[in-house]
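Please open the structure in a viewer and keep the selection tool at hand.

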Amino acid sequence: MSIPRYKILVIEDDKQIQKLLEVSLEEHQFLLKICGNQKEGMAQAITFNPDLILLDLGLPDGDGKVFLQKIREFSEVPIIVVSARNAEQEIVDSLNLGADDYLVKPFFVGELIARINSALRHFAKKETIPQMKMENLELDVEKREFRLDGIPLHLTPLEFSLLKFLMQNAGKALTHAQILKNVWGVGYQNDTKILRVFVNQVRKKIETDPNRPKILITISGVGYRFG
Amino acid sequence: MEEIVSSPEPDLVLQKIKQENEKGELTLFFGAVAGVGKTYTMLKNAKELLKSGVNVAIGYVEMHGRVETERLIHGLPSIPPKEILYRGGTFYELDLDAILREKPSVVLIDELAHSNAPSSRHQKRYQDVLEILDNGIDVYSTMNVQHLESLNDLVLQITGVKVTETVPDVILERVDKIQIIDIPPEKLVERLKEGKIYKLQSVEKALMNFFKLGNINALREIALKQAAGRVGKDVYDDYKDKALENWNAVEKVMVCIDGSEFSANLIRHAKRLSSQMNAEWIALNVDNFSGDGSVEYREKLAKNIRLAEELGAEVNTVSGQDKVEEILKHARARFVTHIVIAKRANSFLGKFWRMNIADELLNTGNEFCIVSYINKTKEQKIEENLENKQESSHFRIERYLFGFGLLGIITFLCLVFREYLELVNIALLILLPVLIIASMGDMKTSMVITFVGVGLFNFFFVPPIYTFVVSDISHLWSFFIFFIVAYIISSQAKNLKLIGEVIREREKRVRRLFKLSRRVTAVAETKQIIKIAMPIIAESLGKETFFFMKQRMDDIPKLYAHYDPKSPLSSKKYDAMFEKLGAIFISPSEFAVLSWCFENGRNAGAGTDTFLASDMFYMPIKSRDIVYGIVGLKIKEDEITTEFKMFLDSVTSVMAVSLERIALSQKNNESAINLAREELKNALYGSISHDLRTPLASILGMVSMLKNDETWLDEKKRTIVSHVIFSAKKMERLMNNLLDSARFESHSVVLKKDWCDVADIFSLAATEFEDVLKERNFTIAIQEDSGIFKADCVLIERVVVNLLENAIKYSKKDSKITLGFKKEAKRYSIFVLNEDSQITADDLKLIFEKFFRIKGISDDINGSGLGLFICKKIVEAHGGNIWAKNLENSVIFEFNLPIEE
């Protein structure tokens, strides 16, 4: 047992999904605890001390968002919510309440593992690092510049702040409101038009094909994900 | 100095705009007499309108056989008049319904004052015109000055001809544009002689009566004055708009009316006065119980009230003993400046007996300007004993018997006890029966009894006894006092009795209403209200009563209840109201009246001025412009009195309030039920979609694990697993489509509009079919810098995904697919274009229908047939359109959305 194994708490009531998660996650070397309701989940969140929580929103003992709110009162642990399709608002609410990412049923195991790893990685390097690199895009916080293939990009101050915020939260699902609040400030949460315009501009500067973005990805009805 | 600029009175401006927007414009060609060329000018104007492309139509034009007119009519479109057969004659009347149906912009209607043939909808043509105007159609019409209601008696004075066809003055006020047609009177007479006005045969008669030079001149003067007044009013209105006038300084005229013949004249005087002053005017009737309870008086009063209302006054009735005080009180409450009152030409005795109200008013020294007109006409004294005569046969004999009996007994007793009684005591005792009879309010009987009493007293007790001779002159005085006492008491008693009767009648009515309203407020069902109210109406008025209702707003009215007070009383009488309604025949023409009544919310049928040929009187039960039902009464025209209407008014208003309350609470309930249903539905969809997806998620998850791990299965088995995954995915799509179409059909989708970037939407859609699109020549065409619009992004993305999926399904490998976006004047348009596939014309029609499928190119295309149906629903929810069409070598699916800011 040389490599530390990450502990994952699964809160999910469907027996088959429980089994699926058990098999697939254990195969990827995660340590698992599975519970079927919020009450038990809350107890395990304290005693088991997980590195990540996988939370189904439709639980028998109430709305998963309430659980989310409660746990965020005392813990920063990464949380991935699992929800049904056509529930964009639920996803947006969960993310705004502090969930780190989400998955939509039905999902593939590969996608699930990728999300888990991304969330764990993001949590590990929470403190801001002066230098960041993603594929061919580089951020130099000290010089206040982005470099694409080593060539500095011409960005307006707002474009820079937007790109910086996105990159620092790479891999995480970000809602429109979260981005607007952090980059433009409180009071701009609902001004999605300005966000659309800026994302469009930034894409033209960083994407090879702005019509088929690969770096700054849109999450339908929710927001954006970087990388 | 400070200048105060006040804004124009907002209500007034708004009101004007409103009127201008909704109602048609009335243009009146106004002349002094017939033959000045009103119709001619009207037609000429119409021709000009027609030339400039306005939709003009002739509604009705009187030809009078005039050649000039006939020539003009040529070329003007016309709505043929309706033929009405009445008593053997054929009448041609304006076809109101045809005009309303055809809706021309301007309709020409000659002779505004014309009276329609019986069985027409309205009694008068101007009522037709008003209805046309209410429907937003402009009207051109003509009228001569003598037809104006308030000038009726003036014209009579001038010409000696009584004009029967009149138009209320309010119509003139309703006129938007007025055009005076005037020619010199000499020329008019000349034209008349040439036969240009009437055909020659009738010329002599007309000349004799009307077309005297003096008459024409006088009428011209009146016409010009009227029109000048109208124009003056327009200017005044204009000033009001511009806030140049102090609105409070406006004057108001109040006319005091009663049931006399002269009151009608007074009303016309007041109307003229107020229009000359450009002032508002009201009418007041003070009911002081003073012996005017006769039927004739009341009918005259009702007629006068109607006249005042027709001339545009608001009429109020107040009750009070002191007329003068009531008049002043009302005048002050309504900010009246001028009081118009009749002054009776006093007889010599009347001067002492009772002072004139006009004089009394003057004597109070009030702040009003009192305008009094002297009533020289001799009032036909309404015979007071008319009533008494009617009841006499019944009660008078009994009264006489009683009076004589009492006198006899008293005389006998006095004779027996003569020694113990003074003469004065005897006189007082004999006065007793006189007092008793007089207190019954019967003047004649009490006088007879007095006479007999005096006779008995004289014969038996006044010396010399047993003769009618009177020795002492002082006794004669006592006889005289006898008569005076009897007269005063009986006249006072009669008054009291009348007041009592009026009060009792009112009290009874109030009690009935109170009973109705108390019982009705506790009821929560329409049927119950009808059950309570119908017998009250029917029994009080003694008439067969019907109640009509509509099930829905757009329905035809149906008979809901019927109550006949004459049917035998039984315990089930009230329930029988709603039964056997099918057996009651109501003619289609009655239903036409009913429909009109429902639509217009006004009284109709017998005794009104609308559909007066009907057998019934209809009164709508209306609250806040909503007609809840109609009460119909089988009644003859002359039976409808003001009392009757007042009673029905009060009952129906109580009913209306209750019915409105029920309707509101029903609506409340309905919306609560709808809300609950909506919530339930949403919860259901939520749980179905969750419950169906969860097992699918585990199937897909686990199977994909099998596929991914190459150590578990060999190549062959992995292909099988791939098929399982494909089928599961297909099932997921099908499920999504089914759930979505159910959601759209139940209208439970609320659009979440936000700013969307079309580039985002396109790229998301393309990502969904990434693998397949590699095998197609796929391009995205977005007009530069215009890709951001407001819509429900997720739903629009679904539309694009579905359209793209179809394009992929129905296209071959390497064929061209274009996803495009363009901005048009007021819409955004998104299209999907794919090469090499055409849709047949039949299929194009059905392609957006539910469960419709075209057989695809490869065999494994079998969608749910819901994709395009959902697209259509989403686009329509956004207020856009979607369509498909064949182009050369390709098919285009396109939808547009309105631009929102």
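**Chain A as a whole**

The model is a predicted one. Begin by selecting chain A and colouring it by pLDDT. The mean for this chain is 84, and 94% of its residues reach 70 or more. Among its elements, strand β1 (residues 7-11) of chain A has the highest mean pLDDT, 92, while strand β8 (residues 131-134) of chain A has the lowest, 74.

Now switch to a cartoon view of chain A. Its secondary structure amounts to eight helices and 14 strands. Chain A has 227 residues, of which 52% count as buried. Of the contacts in chain A with a separation of 6 or more, 56% are between residues 24 or more positions apart.

**Two charges over rings**

Select A:K7 and A:F48. The charged end of A:K7 sits over the ring of A:F48, at 5.5 Å from the ring centre. For a second example, select B:R125 and B:Y60: B:R125 lies over the face of B:Y60, 4.4 Å from the centre of the ring.

**The interface of the two chains**

Show chain A and chain B together. How many residues of chain B are in contact with chain A? There are 41 of them, and they touch 36 residues of chain A. The size of an interface is often given as the accessible area lost when the parts come together. Here the two chains bury about 3,200 Å² between them, and 57% of that area is on carbon and sulfur atoms.

Side chains of opposite charge can pair when their charged atoms come close. Across this interface there are three salt bridges. Select A:R203 and B:D760 to see a salt bridge whose closest N and O atoms are 2.2 Å apart. Over all chains, the structure holds 23 salt bridges. The pair of A:R203 and B:D760 crosses between chains, from helix α8 (residues 192-206) of chain A to helix α25 (residues 758-768) of chain B. Both A:R203 and B:D760 are buried.

**Salt bridges within a chain**

Return to chain A and select A:D101, A:E111, A:R115 and A:R225. These four residues are linked in a network of salt bridges.

Next, select B:R718 and B:E715. They form a salt bridge in which the closest N and O atoms are 3.5 Å apart. Both residues lie in helix α24 of chain B, three residues apart, which is about one turn of the helix. An α-helix has 3.6 residues a turn, so residues three or four places apart point the same way. Is B:R718 buried or exposed? B:R718 counts as buried because its relative accessibility is 16%, below the cut-off of 20%. B:E715, at 56%, counts as exposed.

Then select B:K822 and B:E894, whose side chains meet in a salt bridge (3.6 Å, N to O). B:K822 is in strand β21 (residues 816-823) of chain B and B:E894 in strand β24 of chain B, so this pair ties together parts 72 residues apart in sequence. B:K822 is partly exposed, with a relative accessible area of 26%, whereas B:E894 counts as buried at 7%.

**Aromatic pairs**

A pair of aromatic rings is described by the distance of the centres and the angle of the planes. A search of the whole structure finds 19 aromatic pairs over all chains. Select B:F29 and B:Y140, which form a tilted pair with 5.6 Å from centre to centre and 55° between the planes. This pair links distant parts of the chain: B:F29 belongs to strand β1 (residues 26-31) of chain B and B:Y140 to strand β6 (residues 138-144) of chain B, 111 residues apart. B:F29 is buried, with a relative accessible area of 0%, and B:Y140 is buried, with a value of 14%.

Move on to B:F460 and B:F461. Their ring centres are 6.2 Å apart and their planes are at 55°, so this pair is tilted. Both residues are buried.

**A helix and its neighbours**

Finally, select helix α29 (residues 867-877) of chain B. Among its buried residues are B:L868, B:F869, B:I870 and B:V875. The buried residues of α29(B) pack against α24 (715-745), α27 (793-809), β23 (881-887) and β24 (890-898) of chain B. The tour ends at B:G879, which follows α29(B) and has a positive phi, near 80°.

Conventions: Residues are numbered from 1 along each chain as its sequence is written. Chains are lettered from A and ligands numbered from 1 in the order in which they are written. Side-chain values use heavy atoms; hydrogens and water are left out. Rings of Phe, Tyr and Trp (its six-membered ring) pair if their centres lie within 6.5 Å; planes under 30 degrees apart count as stacked, over 60 as edge-to-face and the rest as tilted. Helices (H or I, at least four residues) and strands (E, at least two) are DSSP runs, numbered from the N terminus. Buried means under 20% relative accessible area, exposed over 50%, partly exposed in between (1.4 Å probe, protein chains only). A charge sits over a ring if NZ of Lys or CZ of Arg is within 6 Å of the ring centre and within 35 degrees of the ring normal. pLDDT is the predictor's confidence in each residue, from 0 to 100. Contact means heavy atoms within 4.5 Å. Buried area is the accessible area (1.4 Å probe) that two parts lose on being put together, summed over both.
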